[in-house]
Amino acid sequence: MKCIKKLVALTLAAVLVLAMLTACGETADPDSIMPEDGTPEVVMTVNNMAANKGLGQVKYSAKYSAVTKALLENWLEYTNNKINDTTYWENYRKITAELGSVKIVVGMTRDYRPGTSDHNPASKTSFKYDSLFKDESTFNLAEKIGVAYVPTSNGTVYQAVCLFDVN
């Protein structure tokens, strides 16, 4: 009888431990949590524009937003004459090397040249989302979106948006 009581107690303890380890709900992917800096509005605007054009949707990525921010900061250093062209491209290669097989398909791609008339990056108030849709077939390669803001000392907030092909 003592043995049965111990066995029942052990079984109940095991059930309680398993119940504690079971999640009570869906937990959010940390990579999909958007900061409250205007990013949700950017993602919504881009996805609404894509839907209006019959294109696929992109999902926000904190990981790729960090890459986008590093690229934007590199671009700002170059345009403010803090680094030269060679250093810009060395930094660019270092930043994008961390992506592995993931490719930037829209935004600050390898084809992007600082000082050109490309609208990405641009100041927050004049950002042209239409530039993301120049080539709809390229847009459709993207699954993830990275959004970055960098404020400058003169009060201008620069924004960059990059779309990533993660497959």
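**Close-up views of a predicted model**

From the N terminus on, the elements of this chain follow the order α-α-β-α-α-β-β-α-β-β. The model shown here is predicted. The views below start with the whole chain and then visit a few of its parts.

View 1. The chain has 167 residues, and buried residues make up 38% of them. Its accessible surface comes to about 10300 Å², and carbon and sulfur atoms account for 56% of that surface. Among contacts with a separation of 6 or more, 67% are between residues 24 or more positions apart.

**View 2. T39 in helix 2.** Welcome to helix 2, which covers residues 39-52 and includes T39. Is T39 buried or exposed? T39 counts as buried because its relative accessibility is 0%, and the cut-off for buried is under 20%. The side chain of T39 makes a polar contact of 2.5 Å with the side chain of D37. Beyond its neighbours within four places in sequence, T39 is in contact with M34, Y60, V147 and Y149.

**View 3. S61, at the start of helix 3.** Look for S61 in the loop between strand 1 (59-60) and helix 3. S61 has 0% relative accessibility and therefore counts as buried. Which end of helix 3 does S61 cap? S61 caps the N-terminal end, with a side-chain oxygen 3.4 Å from the backbone nitrogen of K63. Not counting residues up to four places away in sequence, S61 also touches D31, K144, I145 and G146.

View 4. Follow helix 3 from end to end: its 18 residues reach 25 Å from the first C-alpha to the last, close to the 26 Å expected at 1.5 Å a residue.

**View 5. N81, between two helices.** Here the chain passes through the loop between helix 3 (62-79) and helix 4 (85-97), where N81 has its place. Just after helix 3, N81 takes a positive phi of about 60°. To see why this is worth a glance, recall that most residues other than glycine have a negative phi. N81 counts as exposed because its relative accessibility is 68%, and the cut-off for exposed is over 50%.

View 6. The 13 residues of helix 4 reach 18 Å from the first C-alpha to the last, close to the 18 Å expected at 1.5 Å a residue. The buried residues of helix 4 are Y88, W89, Y92, I95 and T96. They cover an arc of only 125° around the axis, so they sit on the same side of helix 4. K94 and A97, on the other side of helix 4, are exposed. Helix 3 and strand 2 are among the elements that cover the buried residues of helix 4. Which residue caps the N-terminal end of helix 4? That residue is N84, which places a side-chain oxygen 3.2 Å from the backbone nitrogen of T86.

Conventions. Residues numbered from 1 in each chain as written. Predicted model: local features only at pLDDT ≥ 70, side-chain atom pairs only at ≥ 80, totals over all residues. Heavy atoms only, no water. Helix = DSSP H or I, 4+ residues; strand = E, 2+ residues; numbered from the N terminus. Buried < 20%, exposed > 50% of the residue type's maximum accessible area, 1.4 Å probe, protein only. Polar contact = N/O pair within 3.5 Å; in protein donor to acceptor, adjacent residues only side chain to side chain. Contact = heavy atoms within 4.5 Å. Expected span 1.5 Å × (residues − 1). Arc of directions from axis to C-beta. Areas by Shrake-Rupley, 256 points an atom, 1.4 Å probe, with all protein chains shown as cover.
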